[in-house]
Structure formats: structure tokens, C-alpha cells
Amino acid sequence: MASLAPELAAELRAFLAARDTVVAEIAVIQPADPFLDMAGESLRGRIFLTENESGQTLCLRPEFTIPVCRDHVAAGVAAPARYAYLGEVFRQRREGGSEFFQAGIEDLGDGDLAGADARSLADALALVRTIAPAARWTVTLGDQAVFEAVVRALGLPAGWRRRLARAFGVPGQIEALLVELGRERRSGFDLPGPAAAALAAGDEAALAAAVAARMEALGFTAASGRSAAEIAARLIEQATLDRARLSPGEIALLRRFLAIRAPLRDAVAALGDFAASLNSGMAPVIAAFAARAERLADLGVDLGAITYDAAFGRPLDYYTGLVFEIAAQGLPGPVVGGGRYDRLLTLLGAPAPVPGVGFSVWLDRLERAR
Amino acid sequence: MSLTIGLPSKGRLREAALARFTQAGLVVAEAADARAYRAAVKGEPDVEVRFLSAGEIARELASGAIDLGVTGEDLIRENIADWERRVAVAARLGFGHADVVVAVPAVWYDVRTMADLEDVAADFRARHGRRLRIATKYWRLTQEFFSRQHGIQVYRIVESLGATEGAPASGQADVIVDITTTGSTLRANHLRVLADGVILRSQACLVAAIGEREPADQALLERLAARFR
């Protein structure tokens, strides 16, 4: 069994308690479905699964953010809350043991997004600096909302904007989509006669009826799956997406945006310069970005020591804005990962949207940086 | 010194494997009782043959319990974690052809490619309150193809042990990943393979376990494998 040095644990607990947090008590054995639903099936090979007597799939806690948020939703807490945790997590890793410790803070329900973002990053930095004062830290910051604003400014149809937003943070996939967007694409569907005629006429109702007739003839009931109306709507949308193209100039512009890397101190100006080359609507997003940077400076964070990387993001659908990583120079892998996940709590069943931002520290890596 | 070879214990795969061994000059001396699970090879006193199911052959190769085996490439890639470090394909044998494919209901006229399926998967939860479900017995191949090659993260796998092709019509799953030889079963169930939905073109292979062996055994293994090239 892995263990955490008692003096490190004590230091961490003292740090977290001094940051205006309540301790979240999270069970080690968790239902597996929320993790697989949120993070996807590729997590399955990396977590430890088991079953209870009634066949429910359970797992050893692979991380804290999802259970902290689930418990918050289940408790029906309406007021903003800041949860701290420190405990063991269990994952199959290529290197390192499969039991290790994480600590972190999840800040849920605070509507002052810029302030909560800044506090999360400032807390994370203060934590690693308190525990490992001699290490040298590199901080990388990205923002999903800025990327989405750039894509919106290019005037692409919604379907393409969503595709690009989902690929954000995965360079190979963004590149593949840019290639797709730059070339002439052949449209066309293999449709039965009545459906083809309805599509050609742009008659969505007739198209849905034709699809429904085929579904019934082939024995598909849409009780829980895709309906004829959904298929018809997407056929019509897809015909538009197939026609959408970006000019070489627009693609160069997107690439220029993704290549922006600047100290946060200079990033607002860099984004302003970039936005000037679009006729754009990016002002509100840049203002929010600048407000966050200001709040960070107010908290005493050196904006010259944080790198804004315009291409940095996480390909999970619940991340909505800020993402950040803190790494120790000379050590592989991030020591801290954090970000804003405003879609997560509704995905986990919250009746209304709840903003959330937080970070996790890999304590085995932090210990090595000490 | 000795080597153990695993051969399929049943059906056409067994017949084809035995024929291919004979063609390579390795005559498996089957016991009078066709159900016997062990046999010898004429003129190769240091070789023992064990008859196992194709799935067991993949597992026994991974654990090193057998040295050589004939099994499907799909089973090697599906059943062995990090397969390239643990086994090596010595020869593709030209029988047992089958494709592992992604198939959707034929009425999903808008879904032609994996990129279309990615769109559908991404919106699925918002529209239907649950993730897109894929019925398959190929967990590993599905995850690699969807997550790593096509960047599709949000879907759920529904384990299917047999009759996978019926899952979409019965409402148990939305799409399937399954093995097909002629495609007729898929067509009969009104399913269509996506244009870029072939995950693997599989066939029977002679597969060697990677591991420490006595030099004489290693030389024998290489001499036997060379007969199939």
C-alpha cells in the first residue's frame, strides 16, 4: 500500500484548512458509471473495477472531482461551496504505482467566474510553492472559450463549430479538421427515393416521414434511440456542413491563433492584435480573459511566470473555459491539473447549471519535486 | 528441450490449420480419438501439439504457456494487453478471414463515416439523457479505434456475448462493433458498415510467444516458423 509522509500530510491539511475550504469525505469504493459516462470508455482500462452482489459495477476511486461534484448535487447544496480533499486514488499507470495520493480544491457555485478562476490557480501555485519551495515551476494556461470565440468569428455553421470545440487541445484532430475544412467535399447520401426527393426539396417534415416509414418497415423502434425526426434534421444540417469551407486565408488565421504562446502579462495584447485581424465579436471573451488576469495579479501572482498557450485544452465535453497545468522543471508530467467545468454538474444531475472550477495535485510528483 | 504448439480444437479453423501445417511439411499425428487434446508432429520429437479454443490460444500465448499457436489476429489484438511486446505474428495463414467493423442501423442515413458518428455521439447525452451505446465483445479494439484513432471519447460499451447484430433492433444498444465475413448477417439485421468503419482485417495467424527460451528451443521455433513463409 502506498503511503504519504506524515509531515507532508500535515502540511497539506494545514494549507487546505487555511484556504477557506470544507473537507470532502469521499468513499473509496464508488459506482463506476459516473466516471465512465463523464470521462469515457477509455478510462475503463485504467481503473480498478469490481461488482457488488446485485451486479452494479463499482470502482476504486480514480479521482476526486466527479465524486465531490456528485455529492454536492446529491446534498442539494444551493450556496457556493469550496471543498478540499486529500486521499488515495487508484489507477493503472504505465509508470509509477497504481495507488497514489491526490489533494485539491473544488470551488462550486461561485458566480464570479474571473475571481474563482484566479483563486483556483493562485491556490494551486501557493500549494506547490509551500510544499516544495526550492523547485522551479512552469505554469501553462489555456482557454476553451477564447478558441470557441475565434471559431465563431470565422462564421462557420454550428455543427462545424461544435466539431472544432470538441477537438480543441488535441493537435492531430484539430489539424485533420482544418484539412477537411480546406478542401472541396463531396456531399451526398444513399437515400431511398422518397427521402432523397424530400431532402432535395428541403422538406424536413416529409424527410422525417420517409425515414420513419423505413424505420418501421425494417423493424427499428426509436423507443430509446435516435428518432426519424432527429435523423432528418441532421441530414439537412449535414448537407450544409458538407458545403461549408474555409479559405486558405481563414485557415492560416486559425493556425496563427493556435500558435500564440505568450506570457500572460502580454497575452491580452496578443489576443487584441489577433482579434483586430477578424471583424469579430471577440471583445467580450477577451474582456473576460483580461479580467481573470487582473484578478490573478490582485492575488499577487506574477503574470510573467504564466504562459498562455492558445492551443492548450482538454477534449472532455464538460470543460468550458480556463484550463491550467503546473509542472516542475526537470520532472516529467504535470504536478497540478486544473480547470473550469461549468457543464459537469448538470451532466451529473444538477437541476440548474452550477459553475465549477478546481485543481488536483499529484502528490507523488510533488514529493519528488521537494 | 521442447516446444508446445496450440492449434484450434474445433471446426473449419481446425481443419484449415491442420491442412496448412501439412502443406508446411508438419504432419500432425492425430490420435485415433478425434477428441484427444494432445498430438505429436511426425519427425519432430521435441514438439507437442495441444488443441485449444482460438481464444484460449491467444491467452496461453500471452502467458507463455505455449510457444506457437494458430489463432485469429482479432483475438490477439483484443485479448492481449500490449500484444506487440508479448507475441509476434510469424505468418499470416490465408484462411479464417473476417473483418471487425463498426455498423450502424441502415436507417441512419446521415451517418456515413466515423466523423458523422462522432457528431451523433457528442450530442447523444443532451438529446437522449444517456451516452451512445455500442454493443460488442471487442472492448479493447473498440476503445482504441474510437478513442485513440477517431477522438470519440463519449460513448458506453455494452458487453455482448453472442447475437451482437440484434442489439440495435432490440434497443439494447445503438450501434455495434462485430466481426463479419460476408456481411450477410449485418445486412439481414439492417445494419450498415461505415465507409471508414473497418477496424481490422483479420485472418488466422501463426503467432509466437516472445520470451526467454533455451537457445535450442528458440532455434527450433524459428525453424518451424520459417516453414510458413
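This briefing walks through the sheet, cores, contacts and a few single residues of the structure above.

The model is predicted: local features need pLDDT of at least 70, side-chain atom pairs count only at pLDDT 80 or more, and totals for chains, interfaces and linings use all residues. Residues are numbered from 1 along each chain as its sequence is written, while chains are lettered from A and ligands numbered from 1 in the order in which they are written. Helices (H or I, at least four residues) and strands (E, at least two) are DSSP runs, numbered from the N terminus. Wherever residues touch, or are in contact, their C-beta atoms, placed from the backbone, lie within 7 Å.

**The sheet in chain B**

- Chain B has an open sheet of seven strands with mixed pairing, running β2-β3-β4-β1-β5-β12-β6; strands pair if DSSP finds at least two bridges between them.
- At the edges sit β2 (28–29) and β6 (87–92) of chain B, each pairing on one side only.
- Helix α1 (residues 11–23) of chain B packs on this sheet and touches β1 (3–8), β2, β5 (68–72) and β12 (204–209) of chain B.
- The direction of α1(B) makes about 135 degrees with that of β1(B) (axes are lines fitted to C-alpha atoms, for helices over the stretch in contact, with angles from 0 to 180 degrees between N-to-C directions).
- β2(B) pairs with β3 (residues 38–41) of chain B in the antiparallel sense, over two bridges.
- In that pair of strands, Val28(B) stands opposite Val41(B).

**Nonpolar cores**

- A nonpolar core is a set of buried Ala, Val, Leu, Ile, Met, Phe, Trp, Tyr and Cys residues joined through C-beta atoms within 7 Å.
- Buried means 20 or more other C-beta atoms within 10 Å of the residue's own, exposed means 12 or fewer, and partly exposed is in between, with C-beta atoms placed from the backbone.
- The largest core has 85 residues, and Phe35(A), Val128(A), Ile326(A), Val335(A) and Val361(A) touch the most other members.
- Helix α4 (residues 113–131) of chain A gives this core its largest share, nine residues.
- Not counting residues up to four places away in sequence, the contacts of Ile326(A) include Ala124(A), Leu125(A), Val128(A) and Trp137(A).
- Another core, of 45 residues, lies apart from it, with Val211(A), Ile152(B), Ala173(B) and Val175(B) among its members.

**Where the chains meet**

- Chain A puts 36 residues in contact with 23 residues of chain B.
- On the chain A side, α2 (33–39), α6 (158–167), α9 (204–218) and α10 (228–243) each supply at least two residues.

**Domains of chain B**

- Chain B is split into domain 1 (3–96 + 204–226) and domain 2 (98–202); such bounds come from an automatic or database domain assignment.
- Their C-alpha centres lie 32 Å apart, and the contact takes six residues from domain 1 and eight residues from domain 2 of chain B.
- Helix α3 (residues 73–79) of chain B gives the domain 1 side its largest share, four residues.

**Single residues worth a look**

- Ile210(B) is in the loop between β12 and α9 (215–226) of chain B, and counts as partly exposed because it has 15 C-beta neighbours inside 10 Å.
- Ile210(B) and Ala88(B) are 122 residues apart in sequence, yet 6.7 Å apart in space, C-alpha to C-alpha.
- Asp20(A) has a positive phi of about 60 degrees although it is not a glycine, and is in the loop between α1 (6–17) and β1 (22–23) of chain A.
- With 12 C-beta neighbours inside 10 Å, Asp20(A) counts as exposed.

Technical notes. Two residues are in contact if their C-beta atoms, placed from the backbone, lie within 7 Å.
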